[in-house]
There are 2 protein chains.
Amino acid sequence: MPSANASRKTQEKPRELMDAAEDYAKERYGVSSMIQSQEKPDRVLVRVNDLTVQKADEVVWVRARVQTSRAKGKQCFLVLRQQQFNVQALVAVGDHASKQMVKFAANINKESIVDVEGVVRKVNQKIGSCTQQDVELHVQKIYVISLAEPRLPLQLEDAIRPEVEGEEEGRATVNQDTRLDNRVIDLRTSTSQAVFRLQSGICHLFRETLINKGFVEIQTPKIISAASEGGANVFTVSYFKNNAYLAQSPQLYKQMCICADFEKVFCVGPVFRAEDSNTHRHLTEFVGLDIEMAFNYHYHEVVEEIADTLVQIFKGLQERFQTEIQTVNKQFPCEPFKFLEPTLRLEYCEGLAMLREAGIEMGDEEDLSTPNEKLLGRLVKEKYDTDFYILDKYPLAVRPFYTMPDPKNLKQSNSYDMFMRGEEILSGAQRIHDPQLLTERALHHGIDLEKIKAYIDSFRFGAPPHAGGGIGLERVTMLFLGLHNIRQTSMFPRDPKRLTP
Amino acid sequence: MPSANASRKTQEKPRELMDAAEDYAKERYGVSSMIQSQEKPDRVLVRVNDLTVQKADEVVWVRARVQTSRAKGKQCFLVLRQQQFNVQALVAVGDHASKQMVKFAANINKESIVDVEGVVRKVNQKIGSCTQQDVELHVQKIYVISLAEPRLPLQLEDAIRPEVEGEEEGRATVNQDTRLDNRVIDLRTSTSQAVFRLQSGICHLFRETLINKGFVEIQTPKIISAASEGGANVFTVSYFKNNAYLAQSPQLYKQMCICADFEKVFCVGPVFRAEDSNTHRHLTEFVGLDIEMAFNYHYHEVVEEIADTLVQIFKGLQERFQTEIQTVNKQFPCEPFKFLEPTLRLEYCEGLAMLREAGIEMGDEEDLSTPNEKLLGRLVKEKYDTDFYILDKYPLAVRPFYTMPDPKNLKQSNSYDMFMRGEEILSGAQRIHDPQLLTERALHHGIDLEKIKAYIDSFRFGAPPHAGGGIGLERVTMLFLGLHNIRQTSMFPRDPKRLTP
């Protein structure tokens, strides 16, 4: 090991750290020259997470960030962090470290990345402030690999402080805009690491489940030639000498794939909404988890597949991401997410009755407002003990023109929303697959037939009955974890006021 | 089974099919009323692929498209197709079918979807024209579920005809624009079904491999506030009262995730290029399979991971998608894709020497033209017998400003391209992670520092050395299958002249 290090060049040390007196440890610390792939040392870097008593008394190399440093006489305690794990490290004047080296270590800017060689030592008292509680690292060499600037725009310990604690104890927390403006640092917190690892898991579970069910993944274009549903809330793109638009959903393309016999398709991709909504749950760009499926006789065949997919996601998250859930809960406490198997399915009129019983006045063909949606979620939770349910058979009047009417009740439709903790995460329906009925419904909605000609024509050469829906990824992440703002579950959120970073 | 059918309503039959004479089979055929989820019959629909001798003499229900129909006296032969599988069906005057029913069956428009009840019968002579060669279906009931219009804009049998055969035998093939204009039908061919099932497999194998390697999936925004690399070839979006741009790559965001300690990330998503290139391999919107990874000491750690990921994709395709590969080969014959393990890595100067030996004149710091790229691919194939290789250490002068220079040879860089059958499918590099060097290189390239401030600032708070690259999904599909136009491997391609469907 020492040989690998000996061959690495170190640049000059900050002048103030140089002591006129001889420094017997001067080769053992410093700022490394930039890693430009000059060489391939065969040094093994050990993961912080693997620093346990099993490694006691071994000499190891670790690359990590300096989370904190605290000098104390002839010693300096560092906390070294790697993703969500951290370990205490000690630089103490002795055989390996000079007082200059201790001073150097104490002065490394927080968030700098260092390569450290040290001996793993078992500690007698658990180190409560670190994830590696049973050992500490006795540092023999320390080199700065990438130096952080001295002033951080936000402190990581503030960024993971529960708001209640901040308020009660008068300690700093970090507001959302500061977080988002400095997202590279905010994403380093244990909470952010957990949120986005879990989000990666949602995508993985979604696809894993659907591939097992025989679905095919498709890629749909985001630049489209016509704003299909009337043209509201759509972003315009300059496309060479013409204008084009950003797709508000992949629905037309999913449906074309059904008409092209793919039978069961899904896609994961960005969805764009030019809505000037500045709420806790709207983004102008979000990730859609979309499903479309041909069915035999009843759209409930599709509803069941979608609901089961969500249930498999919830189960998978609770099985595979328990650490992440608990990490987020430390900062944002919340009840575990509850769901039933099979999923509770209520009809719209049943939901309406529950709301009316609770004193809400609503017409039969009126859509749910956000407060009523949330209230209904609470009522459902009380009555059925579930955070996830399906509301089926929406009034035809409040759904898009392509929604299949319910032949048994012409004021109803074969459409549904799904809810998590009282907020909508999916909207879907049986789609009209008959060009003649589709034309009638489009006319009824006052839609210019010329603009949706290609859409209607897709159904002219034999189309199977089909249904589908679109899930908002950031909403699922937010509501599963019981968070309160969708900007917490979008890495680089876009809203009417934010386009950076 | 009959009871499930008896309960289904049938609409009036086309008048010309009604015979004044009594029709003892009149309940056994017709056009079904539109499926609006009126009921949930417990009928089981058997897959065409499952119609084998094991099912001989069983009565089954099948839903499929009428691929062809051919009346012959008192009989009508249908070919029923379901995705890439098809079976012969026979409607013959007898106990179950009247002559009116045979006439009805013979007159169903091609590509209509039908529900058929029939007995599976073993045949004595293999039916060469169908995938189900050992059985045929003796039809007892037939109902049209979705009627296709009588004139199809293209014939499926023309659309799967090898071009050579079309030319030699003077038979029709379908040109690309007709295919794309009528994509819903073109996608029904066995070739298209195979191409896009295999493409779905590429995405799946890409993610499966990376998740096993410990990568995290990220979602990066497509609407961005500034056109980072100088602003050329970028689409402009109207964003409320301002302008925004469509991301040409997720690179900045991948790098921010590395600076935010995610260590190994990937993303799959649309990439936009406003290039007015009308070639066989350029699209204005394509799907990027992107990777970014922090490394310890040498960017080859990353190169090896990327190359291995591609090798795992090639292996997975050859193992799991052999049927699809052979289906495509029938129409577009091509040699099986060859690759080495570990992947061949040549340095740029070695490639240059091979080209010069073949008579090409090129400067040391000149980029590869498309013809030279292809020639080098042929030379490499001859010498090393591989269709996949890495070209490493490109001249610094031909790479973007953020590319890490090679400290041992300042005219070279730590950058690489990867090639399949002589065409580039990935471009990547070690990125500069030091804000000072990054600033110098940007100035050298004449880039306005103000526009890339956020990018440079991402590296100010400690950044690990890292490298990555972006793979074009459609190119990988095209070149793996030996196809010759990228529009064959994009479901709904976008180029300067095409925005629909």
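**Briefing on a predicted two-chain model**

B:F240 sits in the loop that runs between strand 9 (236-239) and strand 10 (242-246) of chain B, where helices (H or I, at least four residues) and strands (E, at least two) are DSSP runs numbered from the N terminus. Although B:F240 is not a glycine, its phi is positive, at about 55°. This is a predicted model, in which local features need pLDDT of at least 70, side-chain atom pairs count only at pLDDT 80 or more, and totals for chains, interfaces and linings use all residues. Residues are numbered from 1 along each chain as its sequence is written, chains are lettered from A and ligands numbered from 1 in the order in which they are written, and side-chain values use heavy atoms, with hydrogens and water left out.

**Relation of the chains**

**Overall build of chain A**

- Chain A has 15 helices and 17 strands, and its C-alpha atoms fill a box of roughly 90 × 55 × 40 Å, taken along the principal axes.
- The chain is divided into domain 1 (29-146), domain 2 (156-187) and domain 3 (190-488), with bounds that come from an automatic or database domain assignment.
- Taken over C-alpha atoms, the centres of domain 1 and domain 3 of chain A are separated by 48 Å.
- Of the 501 residues of chain A, 59% count as buried, a term that means under 20% relative accessible area, with exposed meaning over 50% and partly exposed in between (1.4 Å probe, protein chains only).
- Among the contacts in chain A with a separation of 6 or more, 69% are accounted for by residues 24 or more positions apart, a contact being heavy atoms within 4.5 Å.

**A:I425 and its surroundings**

- A:I425 is part of strand 16 (residues 423-431) of chain A, and it counts as buried because its relative accessibility is 1%.
- Leaving out residues up to four places away in sequence, A:I425 touches A:L310, A:F388, A:M418, A:F419, A:M420, A:G470, A:I471, A:G472, A:R475, A:V476 and A:L479.
- The C-alpha atoms of A:I425 and A:R43, which are 382 residues apart along the chain, are separated by 48 Å.

**Helix 15 of chain B**

- Helix 15 (residues 473-480) of chain B is mostly covered, with eight of its eight residues buried; among them are B:E474 and B:R475.
- This helix is followed by B:G482, whose phi is positive, near 70°.

**Backbone details in chain B**

- B:F240 is partly exposed, with a relative accessible area of 32%.
- B:K393, in the loop between strand 14 (388-392) and strand 15 (415-420) of chain B, has a positive phi of about 65° although it is not a glycine, and B:K393 is buried at a relative accessible area of 11%.
- The peptide bond from B:E341 to B:P342 is cis, with omega near -5°, and B:P342 has its place in the loop between helix 10 (322-331) and strand 13 (344-347) of chain B.
- B:T500 and B:P501 are joined by a cis peptide bond with omega of about -5°, B:P501 being found in the segment after helix 15 of chain B.
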